[in-house]
Amino acid sequence: MADPERHPFLQGLSKHRGTPPTVVVIFGASGDLTARKLIPAIYNLGFDNLLPADFHLVGYGRKPIPDEEFRSIASNAIKEYSRRELDAEAWNRVGANTTYVSGAYDEKAGFDRLAAHIGEIERRVGGEVQTLFYISTPPSVFNPIIQNLGASGLGSRHLGKPHHSKVIIEKPFGRDLESARALNAELRSVFDESQVYRIDHYLGKETVQDLLVQRFANSIFEPIWNRNYIDNVQITVAEDQGVGTRAGYYEQSGCLRDMIQNHTTQLLALTAMEPPGSFDAEALRNEKVKVLKAIEPIALGPESDAARAQYVAGMTGGKGVPGYLQESGISPESSTETFAAMRLSVNNWRWNGVPFYIRSGKRLARRVSEIAIQFKRPPGTIFAQKDGFNLAANTLSFQIQPDEGLSMILNAKIPGLDTRTQPVKMSFRYATTFGSNTPEAYERLVLDAMTGDGTLFIRGDEAETSWKLYTPVLEFWQSQGRGGMEAYQAGSWGPAGADRLLAARGHVWRKP
Ligand SMILES: NC(=O)c1ccc[n+]([C@@H]2O[C@H](COP(=O)([O-])OP(=O)(O)OC[C@H]3O[C@@H](n4cnc5c(N)ncnc54)[C@H](OP(=O)(O)O)[C@@H]3O)[C@@H](O)[C@H]2O)c1
């Protein structure tokens with residue numbers, strides 16, 4: 001296996017992005033996301049010398065925690081969750097500047113103390129620092145935090161300069177169109193759009209960015225990336241886990257809100273958008289918004305473009321598992337979907353008539369996220385299926401996780417004296433070519449926000465456009481209660497209704 005630290009392809013890449021002195025403040029610093037992702041991401045950025053010389057981490061939460069204890073919580077999180085082992089020297093560089101401020105989220109007093117603390121850091125640094133506020137709390141406290149960042153003046157620090165304060169806001173960004181609009185309005189009452197970084201961590205994944213590189217840095221794809229050559233596109237974001245310990249959250253969310261509206265739709269937008277004029281944040285996000293706006297309203301009712309279902313007891317990983325309604329914390333009457341699939345039509349010149357099938361669910365056969373581009377079948381005049389040739393449609397698939405890579409299905413001749421064909425797979429795997437220790441999505445995203453690059457974040461109008469598409473589906477499903485809710489066995493690939501969406505156009509789901 002290639003050593004990622006020494007790999008020749010990775011040598012000589014620039015380490016420093018000119019990040020100004022920065023204070024990252026995490027709201028919800030005692031939480032799960034902070035421990036599992038944010039602190040390990042900051043540690044790894046430090047390890048890679050990607051943090052500015054004057055970097056400070058400040059945890060904020062309701063519980064009083066002494067600085068020393070917070071540093072110990074942070075180093076334990078690194079030991080448990082970081083992709084790299086804890087290296088004392090690398091951690092000391094970050095840990096020495098790690099502190100904690102306690103306060104409520106809905107009282108200005110705590111934010112005033114935080115402002116004084118940041119002012120003190122600035123005095124010690126001997127110059128202005130930028131402040132990056134990471135809101136990593138449950139959504140119920142997003143609004144009070146935003147309001148108090150405004151009231152305390154923290155949100156407008158150094159406004160008008162490149163190191164103005166910035167805010168990263170976690171998902172879910174609203175739970176329907178109305179709440180997303182309200183959250184945008186709240187943000188805009190305190191921040192300029194250029195200060196706001198709405199996170200969808202899928203955009204920080206290597207393979208998602210590779211999709212853009214494959215599309216726009218190779219000349220062979222663009223000429224065939226359209227309805228003349230592509231038959232259908234299938235996007236799968238599958239989990240093998242059940243609801244686990246997150247029953248309370250999931251019951252209020254469901255698959256459409258949790259996965260389809262954000263991750264799956266982002267994958268669709270990057271696959272279907274027009275080439276942006278440049279790789280800057282506005283150009284790329286303009287194209288994503290345009291393509292999302294071109295998606296036709298989703299048909300509901302008898303000829304529905306949408307399917308939803310809940311898992312029932314089955315087997316995963318060789319073990320029997322309970323159905324969703326038997327999971328602890330789930331109402332036996334629950335009408336929350338654990339699986340959703342859609343057939344979407346992008347009504348523009350490039351994609352007219354090409355169905356985009358998207359699906360996501362819990363307790364599916366395996367954990368995998370992929371985008372599969374299925375090309376039209378060859379005419380078959382020479383190697384016709386009826387004559388015993390085994391011809392597959394050419395498929396280009398981007399494997400987002402796990403085992404990141406790219407593969408292409410081609411038809412090849414089976415060696416031998418007679419002419420027989422067989423589909424073969426040509427693959428590129430990240431781990432084989434570049435080594436397996438690639439940065440986590442959160443590393444890339446925290447670094448981008450620190451350097452003011454919003455390309456891999458969701459713009460306000462983009463979030464609203466996506467909710468506009470799905471809110472009628474949510475409302476329709478809510479009006480139906482459990483009516484029309486299908487079941488699928490845990491460990492399967494989903495309900496019959498998802499297969500019917502494709503069968504109606506003569507297609508079948510690919511087994512990823
Ligand atoms: N965990 C993940 O894997 C994950 C993945 C994607 C997105 N997210 C999003 O990231 C955010 C944080 O997730 P998380 O899993 O870290 O959440 P969490 O552990 O439930 O909460 C984070 C922190 O927020 C504070 N908090 C919790 N409930 C609160 C309440 N009702 N009122 C006020 N403060 C409360 C607590 O800090 P104090 O008590 O110290 O104040 C808690 O430690 C959420 O918006 C979530 O949707 C999480």
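H158 is found in the loop between α5 (142-151) and β5, where helices (H or I, at least four residues) and strands (E, at least two) are DSSP runs numbered from the N terminus. The structure is a predicted model, in which local features require a pLDDT of at least 70 and side-chain atom pairs count only at pLDDT 80 or more, whereas totals for chains, interfaces and linings use all residues. Residues are numbered from 1 along each chain as its sequence is written.

Most residues other than glycine have a negative phi, and most peptide bonds are trans. Against this background, phi of H158 is near 55°, a positive value in a residue other than glycine. H158 counts as partly exposed because it has 15 C-beta neighbours inside 10 Å; under the criterion applied, a residue is buried if 20 or more other C-beta atoms lie within 10 Å of its own, exposed if 12 or fewer, and partly exposed in between, with C-beta atoms placed from the backbone. R363, likewise not a glycine, has a positive phi of about 55° and is found in the loop between β12 (355-361) and β13 (368-375). R363, however, is buried, since 29 other C-beta atoms lie within 10 Å.

Two cis peptide bonds can be described in turn. One joins K171 and P172, with omega about 0°, and P172 is found in the loop between β5 and α6 (177-190). The peptide bond from Q401 to P402 is also cis, with omega near -20°, and P402 lies in the loop between β14 (395-401) and β15 (405-413).

At the level of the whole protein chain, 13 helices and 17 strands are found. The radius of gyration, taken over C-alpha atoms, is 24 Å, close to the 24 Å that the globule rule gives for 512 residues, so the chain is as compact as a globular protein of that length; the globule rule is 2.2 Å times the number of residues to the power 0.38. Taken along the principal axes, the box filled by the C-alpha atoms is roughly 80 × 55 × 45 Å. Of the 512 residues, 41% count as buried. Among contacts between residues at least 6 apart in sequence, 77% join residues at least 24 apart, a contact being defined by C-beta atoms, placed from the backbone, that lie within 7 Å of each other.

The protein chain is divided into domain 1 (17-170) and domain 2 (203-503), with bounds that come from an automatic or database domain assignment. The C-alpha centres of the two domains lie 34 Å apart, and 15 residues of domain 1 are in contact with 11 residues of domain 2. On the side of domain 1 that touches domain 2, the elements that give two or more residues are α1 and β5 (166-169), with α1 giving the most, namely six residues. The residues of this side divide into eight nonpolar, three polar and four charged, where Ala, Val, Leu, Ile, Met, Phe, Trp, Tyr, Cys and Pro count as nonpolar, Asp, Glu, Lys and Arg as charged, and the others, Gly among them, as polar.

In soluble globular proteins, nonpolar side chains tend to be buried together. When residues up to four places away in sequence are not counted, V25 touches V58, Y60, L114, T131, F133 and Y134.

Around the ligand there are 19 residues, of which G28, G31, L33, G61 and R62 come nearest; a residue is taken as near a molecule if its C-beta atom, placed from the backbone, lies within 6 Å of it. Helix α1 (residues 32-47) gives the most to this shell, with three residues. By class, the shell has six nonpolar, eight polar and five charged residues.

In helix α12 (residues 460-480), T465 counts as buried because it has 21 C-beta neighbours inside 10 Å. Leaving aside neighbours within four places in sequence, T465 is in contact with V289, L292 and K293. T465 and I230 are 235 residues apart in sequence and 25 Å apart in space, C-alpha to C-alpha.

Technical notes: Contact = placed C-beta atoms within 7 Å.
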